[in-house]
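Dear colleague,

I am passing on the structure we spoke about, with notes on what turned up when I went through it. Please look at it first and then read on.

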Amino acid sequence: MSWGIELWDQFDNLEKHTQWGIDILEKYIKFVKERTEIELSYAKQLRNLAKKYQPKKNSKEEEEYRYTACKAFLSTLNEMNDYAGQHEVISENMTSHITVELARYVQELKQERKSYFHDGRKAQQHIEICWKQLESSKRRFERDCKEADRAQQYFEKMDADINVTKADVEKARQQAQVRHQMAEDSRADYSSILQKFNHEQHEYYHTHIPNIFQKIQEMEERRILRIGESMKTYAEVDRQVIPIIGKCLDEIVKAAESIDQKNDSQLVIEAYKSGFEPPGDIEFEDYTQPMKRTVSDNSLSNSRGEGKPELKFGGKSKGKLWPFIKKNKLSLKLGAAPEDFSNLPPEQRRKRLQQKVDDLNKEIQKEMDQRDAITKMKDVYLKNPQMGDPASLDHKLTEVSQNIEKLRLEAQKFEAWLAEVEGRLPARSDQARRQSGMYEAQNPTTVNNCAQDRESPDGSYTEEQSQESEVKVLATDFDDEFDDEEPLPAIGTCKALYTFEGQNEGTISVVEGETLYVIEEDKGDGWTRIRRNEEEGYVPTSYVEVYLDKNAKGAKTYI
């Protein structure tokens with residue numbers, strides 16, 4: 001099966017067919033390009049959708065994500081981001097492996113096709129020129145033969161006429177001979193050109209055209225094979241992301257299965273539990289007897305001595321049952337909530353105080369890290385004056401120390417309020433009682449009943465009484481906690497990129513390629529703390545490559 005043999009006379013149709021093949025290839029490229037645009041648009045819409053439903057930072061909505069159902073929804077949003085990323089991968093791979101490659105191939109194919117059909121037209125023009133030469137030689141031979149025949153007839157006529165002179169007859173005879181010679185020359189020329197044309201025509205139809213058409217056939221078959229391979233690549237690009245997409249869906253299912261309704265119910269209790277005891281039975285008041293008022297009007301409180309609630313109301317006033325009515329609306333509208341959260345129920349107040357203490361501890365630790373970093377930098381300046389002036393850091397160091405002291409006093413104040421609230425609440429487990437018990441051990445305080453008897457007659461907490469109370473604490477030296485400090489645990493490893501000679505105090509020498517343990521990350525001062533056996537010290541962070549262990553728990557000491 002060869003186009004050169006079977007389609008030797010279909011030059012124009014082959015030209016149209018190969019152009020159609022290129023058009024089909026360009027149409028497929030356009031199809032894939034539009035598919036990539038759809039994938040990118042879909043991925044963008046998925047990302048926008050996931051971002052739209054992400055909880056806003058520092059908002060009430062973020063607090064809702066403590067519940068397992070909300071956590072599962074957040075995991076679903078995160079997986080949707082990864083899911084969108086896979087569609088971006090599809091678009092990228094289809095662009096690089098199909099559209100770009102095929103676009104380059106189409107340009108090469110057009111050049112190759114143009115070259116083959118140019119050779120074919122050139123061969124056509126050559127055979128047409130040979131045919132025209134043959135036709136011209138043939139017409140000249142025919143004309144010369146007719147002229148020779150007329151000259152011969154004229155000579156015979158002159159020779160038979162007795163009235164014609166001998167000279168005229170001789171002239172006619174010579175003219176006839178000339179014409180006969182011209183006819184013979186034309187005949188020889190025509191024969192030669194005819195042989196040449198037949199040779200050229202044979203070469204054209206049996207050599208040149210078959211070779212050109214065979215190359216065109218091979219080119220067309222390569223085009224067909226290439227578009228088939230592109231279609232396979234098209235499917236393979238999709239197939240490659242299926243496992244990752246499946247993993248995203250598995251993670252969504254896993255998140256859904258992690259939803260714990262009992263845990264969410266417990267969180268609701270922790271979020272809204274007031275800590276008050278339910279009201280007791282209402283005593284029967286006998287109006288047949290003289291009216292007796294047992295306690296002051298409209299009050300309901302717990303008798304702390306008997307451990308039993310006692311109803312106290314008189315006249316026509318209605319008893320106020322705290323759990324079922326709203327209080328302190330006026331005080332909340334008139335101004336901000338009191339600093340010690342005395343307007344909240346006991347359990348909620350304890351949680352807010354605990355949260356405030358934890359936040360203050362984090363701020364203290366942050367300021368201490370900054371102070372340590374400035375101190376290290378000052379030591380470096382003292383040992384290497386060319387790096388900077390140590391005195392320039394004194395103001396900043398003083399400012400940070402003052403901030404630490406203010407935060408410590410603030411933490412002591414809230415610790416005192418927290419101790420008071422926990423004293424009022426029923427006994428709980430040691431772990432749940434106080435998460436910041438380390439501060440009691442390190443900072444013994446004397447509390448002067450800053451919010452003594454905050455309960456109003458109806459069992460609520462009032463703001464006015466809390467503002468009249470005062471907390472007095474004794475400051476202690478918080479630096480004592482560093483005296484017998486245990487060795488810091490390793491939080492990862494590092495590899496020395498260069499050799500460092502630790503000649504200054506607090507530094508440690510390392511050799512290029514040496515592996516050591518990391519016990520403290522760079523705090524922003526350019527130094528990393530490492531350990532070799534029992535030897536510890538600092539090295540420049542730029543001299544080592546750090547590999548942190550994500551599972552390691554670097555213990556931090558809060559002050």
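Tyr53 is partly exposed, with a relative accessible area of 39%, and together with Leu49 and Phe73 it makes a nonpolar surface patch of about 280 Å².

Which residues, then, touch the most other members of the largest nonpolar core? Within this core of 40 residues, they are Leu25, Tyr28, Met94, Ile98, Phe213 and Ile216. At least two residues of the core are supplied by each of H2, helix H4 (68–160) and helix H5 (166–257), and the largest share, 16 residues, comes from H4. Ile216, taken by itself, touches Trp3, Thr18, Tyr116 and Phe117, if residues up to four places away in sequence are not counted. Apart from this core lies another, of 19 residues, which includes Leu353, Ile374, Leu393 and Val421.

As for the protein chain as a whole, it has twelve helices and seven strands, and of its 559 residues 33% are buried. Among the contacts with a separation of 6 or more, 71% are between residues 24 or more positions apart. The chain exposes about 36400 Å², of which carbon and sulfur atoms supply 51%.

Towards the other end of the numbering, Asn533 is found in the loop between strand E5 (527–532) and strand E6 (535–540). Its phi is near 55 degrees, which is a positive value in a residue other than glycine. Is Asn533 buried or exposed? Asn533 counts as exposed, because its relative accessibility is 66% and the cut-off for that class is over 50%.

Finally, a word on confidence. The chain averages a pLDDT of 79, and 78% of the residues score at least 70. Over residues 291–335, however, the pLDDT is below 50, although this stretch has 67 contacts in the model beyond near neighbours in sequence. Residues 554–559 also have a pLDDT below 50, and that stretch has 21 such contacts beyond near neighbours in sequence. Where pLDDT is low, the predicted coordinates should not be read in detail.

With best wishes

Key: Residues numbered from 1 in each chain as written. Predicted model: local features only at pLDDT ≥ 70, side-chain atom pairs only at ≥ 80, totals over all residues. Heavy atoms only, no water. Patch = residues over 30% accessible without salt bridge, like charges linked within 9 Å, V, L, I, M, F, W, Y side chains within 5 Å. Areas by Shrake-Rupley, 256 points an atom, 1.4 Å probe, with all protein chains shown as cover. Salt bridge = Lys/Arg side-chain N within 4 Å of Asp/Glu carboxyl O. Buried < 20%, exposed > 50% of the residue type's maximum accessible area, 1.4 Å probe, protein only. Core = buried A, V, L, I, M, F, W, Y, C linked by side-chain atoms within 4.5 Å. Helix = DSSP H or I, 4+ residues; strand = E, 2+ residues; numbered from the N terminus. Contact = heavy atoms within 4.5 Å. pLDDT = per-residue confidence, 0-100.
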